[in-house]
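Work through the exercises below with the sequence and the model side by side, and try each task before reading its solution.

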Amino acid sequence: MKKILLASVALFGFAGAAAAADLPARAAPPAPIVAAAPIFTWTGFYVGVNAGYGWSDDDFDAVDLADDDDDGGFVGGAQVG
């Protein structure tokens, strides 16, 4: 009889502790953060160009069997959006 009484007291004691964790919080939720509008944005129409020059200097031969080729040329492009 004592074992049944002790087991029932323990069961109710543990069940009460588990239910206490489910109580709602008493603190109010924090206020929402309002972000300021950006001063500058990347939205809108844009046009751009890029240009450059690429070159190659072929002077790495161990034995100079042929003439060295020095190549180069224009590199460029454009973007619109």
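The exercises move from the whole chain to single side chains.

This is a predicted model, in which local features need pLDDT of at least 70 and side-chain atom pairs count only at pLDDT 80 or more, while totals for chains use all residues. Residues are numbered from 1 along each chain as its sequence is written, and side-chain values use heavy atoms, without hydrogens and water.

**Exercise 1.** State which elements the protein chain has, and in what order they run from the N terminus.

*Solution.* Begin with the DSSP runs, where a helix (H or I) needs at least four residues and a strand (E) at least two. The protein chain has 1 helix and 2 strands, and their order from the N terminus is α-β-β.

**Exercise 2.** Find which element has the lowest mean pLDDT and which the highest.

*Solution.* Recall that pLDDT is the predictor's confidence in each residue, from 0 to 100. For the protein chain the mean is 76, with 65% of the residues at 70 or more. Where pLDDT is low, the predicted coordinates should not be read in detail.

**Exercise 3.** Determine what share of the residues of the protein chain count as buried.

*Solution.* Apply the cut-offs for relative accessible area: under 20% is buried, over 50% exposed, and in between partly exposed (1.4 Å probe, protein chains only). Of the 81 residues in the protein chain, 1% count as buried. The chain exposes about 8,000 Å², of which carbon and sulfur atoms supply 68%.

**Exercise 4.** Locate Phe 40 and decide whether this residue is buried or exposed.

*Solution.* Next, take its relative accessible area, which is 58%, so Phe 40 is exposed.

**Exercise 5.** Explain why the pair of Tyr 53 and Trp 55 is classed as it is.

*Solution.* Rings of Phe, Tyr and Trp (its six-membered ring) pair if their centres lie within 6.5 Å, and planes under 30 degrees apart count as stacked, over 60 as edge-to-face and the rest as tilted. The structure holds 1 aromatic pair. The ring centres of Tyr 53 and Trp 55 are 6.4 Å apart and their planes lie at 20°, so the pair is stacked. Finally, check the accessibility: Tyr 53 is exposed at 54%, and Trp 55 is exposed at 67%.

Key: Areas by Shrake-Rupley, 256 points an atom, 1.4 Å probe, with all protein chains shown as cover.
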